[in-house]
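Me: Please take a close look at one part of this protein for me: the surroundings of a single side chain. Then set that part against the rest of the chain.

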Amino acid sequence: MRAAYIAKTLAALRVPPNLADEAALRRQFSWDTERRELAGLPGGGLNIAHEAVDRHAQGERREHTALRLLAADGSRHDFSYEQLRRLSNRFANVLTGLGIGRGDRLFVLCGRRLELYLAVLGGFKIGAVVSPLFSAFGPEPIATRIRLGQGKILVTTESLFRRKVASVVADMPSLRHTLLIGDDGHPTDAPGTLDLAGLMADAVDDFDIIPTTDDDPALLHFTSGTTGTPKGALHVHGAVLTHYVTGKYALDLHPQDIYWCTADPGWVTGTSYGIIAPLLHGVTSVVDAAEFDAEHWYRILQDERVSIWYTAPTAIRMLMKAGPELARRYCFPSLRFVASVGEPLNPEAVWWGADVLGLPVHDNWWQTETGGIMIANTVAMPIKPGSMGKPLPGVEACIVRRNADGSVAVLHEPDTVGELALKRGWPSMFRGYLGQEERYRKCFSGELYLTGDLARCDADGYYWFVGRVDDVIKSSGHLIGPFEVESALMEHPAVAEAAVIGMPDETVGEVVKAFVSLKRGFEASDLLRAELLGYARKRLGAAVAPKEIAFSSALPRTRSGKIMRRLPKARELGLPEGDLSTLEDGA
Ligand code: AMP
């Protein structure tokens, strides 16, 4: 058994942290004070692109590398803050020239390449509402989102257009223009589209950012839909203050950092922390166009001298699966902070970081609706592996119970499981679900936003994830969080991943069933099943341990990497599988 606690000392940190004393900062924290570190638009107002790019381009970081793009063919291209300013201005001029303006919805569907960044930043500059889509989506999810979001303009590549968009153009009646990025840099001539490179070449470098305010909409993110139909969450320019503050305190970004966020900008993490937060802090952001490959990733960490790495549990589990020998061929002397988000981070994964990378992985928690990191293990704080950490300064969290009459009671007793709630007032709170006012209203009770996650808070103020409200298992009156059971199973040397669901049972309500994928070198067998059942019973006790285990070569996951527990459940019970647009291929 590993220790329950990873202690830290300030002296052991290589760079003085932005957040040395979390309790002290919490006492004196004010969003207004932090806001003074943002520039604001010259004539008044606030715009994400100005904070992220233009103010650096007008200052001493003008020539500093903002983006380091690693293309799929192995080439790398650097862009300075000043280049990014000029190119995003051009993009803004292209959009304006097409009659796109304030409040119009701009969708971007392309891989991690320069044009994606220019479209997002150029969109902010004209006051449009930007919605980056994941490029692996098929035609149906693309059309659904553009229709739901009433997209007026789409930026995509020629090949994606031909493969995925052309067949559904008729399903997107709001779309006025499609801007195409030519494959291999050649001009495009697909009917009904415009060639982006040609328009960019004709556009000028100067653009006056539209005077947006804190409350002007900036981003539309569709939630990854682990439970139901994707919802469009609207975010405003004022969210940039959360991106700035969390980049500073949760990710400890310093201007000299080389930063790598592995999330695709088609998901909220890839936008908030793959585009916006690193630029706000003037760092160099590494952008890799390729898909996951363990060796390639280790090489990026080593060769690009990444100092801050923000990734996801699913990626870490895949690296764990690839084995420690591979990692040992590389070294990571520049790496000083590793963080993860998106799913529960099993204690095994935290320790894997310490063993293999030389640094524990720091879990943090947030969701599309919160727009930015809310709960985190920060750089100087002791880690309790398996915990999401503590609410960041400026964030007030609590655990609540929803009563039958619709009221909500705050549960003050430490370690009581209930729904995680946040007090309104953080700047990146979503401002609506598109077209679903009632659904939005139901997320709030008075001053509290109810997250839909179950958690508990221990006596030291650390929050522990229990499960989505919908995923929690009720057995003989116990509330069982799937994460706890999955983590225990993952401590067994044969287990690579686990997904746990509740199966209806006449006697106890629900019994726990686990789906398990095995590490390389292990074979599914009745003997191993019996061993795992016994192992789990010993770790968890009979009331919580799975009663059934099924082996599965791969667990169904969303494209953003979250285990989709509702799918094995629906398949087991013969229920409708629901919206599968975010399901990874082949699952
Ligand atoms: P999304 O809005 O699609 O990014 O999903 C947000 C959800 O992912 C949260 O409500 C949680 O259920 C889950 N999640 C995100 N981060 C964590 C974490 N650190 N630990 C556990 N669950 C997480």
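Reply: Contact here means heavy atoms within 4.5 Å. The model is predicted, so local features need pLDDT of at least 70 and side-chain atom pairs count only at pLDDT 80 or more, while totals for chains, interfaces and linings use all residues. Residues are numbered from 1 along each chain as its sequence is written, and side-chain values use heavy atoms, with hydrogens and water left out.

Take K384 as the part to inspect. Helices (H or I, at least four residues) and strands (E, at least two) are DSSP runs, numbered from the N terminus. On that basis K384 sits in the loop between β15 (375-376) and β16 (390-391). Is this lysine buried or exposed? K384 is buried, at 10% relative accessible area. Buried means under 20%, exposed over 50%, and partly exposed in between, with a 1.4 Å probe and protein chains only.

Which residues does K384 touch? Setting aside residues up to four places away in sequence, they are A4, Y5, N377, D458, D460, Y462 and W464. One of these, D460, also makes a polar contact: its side chain and that of K384 are joined at 2.6 Å. A polar contact is a pair of N or O atoms within 3.5 Å; within protein, one must be able to donate a hydrogen and the other to accept it, and residues adjacent in sequence count only if both atoms are side-chain atoms.

Now two other buried side chains. W426 lies in the loop between β19 (418-423) and β20 (432-433). W426 is buried, with a relative accessible area of 3%. Its contacts, not counting residues up to four places away in sequence, are W31, T242, T370, M374 and Y449. The backbone oxygen of T370 is 2.9 Å from a polar atom of the W426 side chain.

H243 belongs to helix α9 (residues 240-249). H243 is buried, at 1% relative accessible area. Beyond its neighbours within four places in sequence, H243 is in contact with S272, I276, A277, L280, H281 and G371. Two of these bring polar atoms close. The backbone oxygen of G371 lies 3.1 Å from a polar atom of the H243 side chain.

For a helix and its packing, go to α18 (residues 566-573). There R566, L567, P568 and A570 are buried. The buried residues of α18 pack against β26 (495-505) and β27 (509-518). G574 follows α18, and its phi is positive, near 65°.

Last, the whole protein. Its secondary structure comes to 18 helices and 28 strands. The radius of gyration is 23 Å, close to the 25 Å that the globule rule gives for 587 residues, so the protein is as compact as a globular protein of that length. That radius is taken over C-alpha atoms, and the rule is 2.2 Å times the number of residues to the power 0.38. The C-alpha trace spans about 70 × 55 × 55 Å along its principal axes. Buried residues make up 61% of the 587 residues. Among contacts with a separation of 6 or more, 70% join residues 24 or more positions apart.
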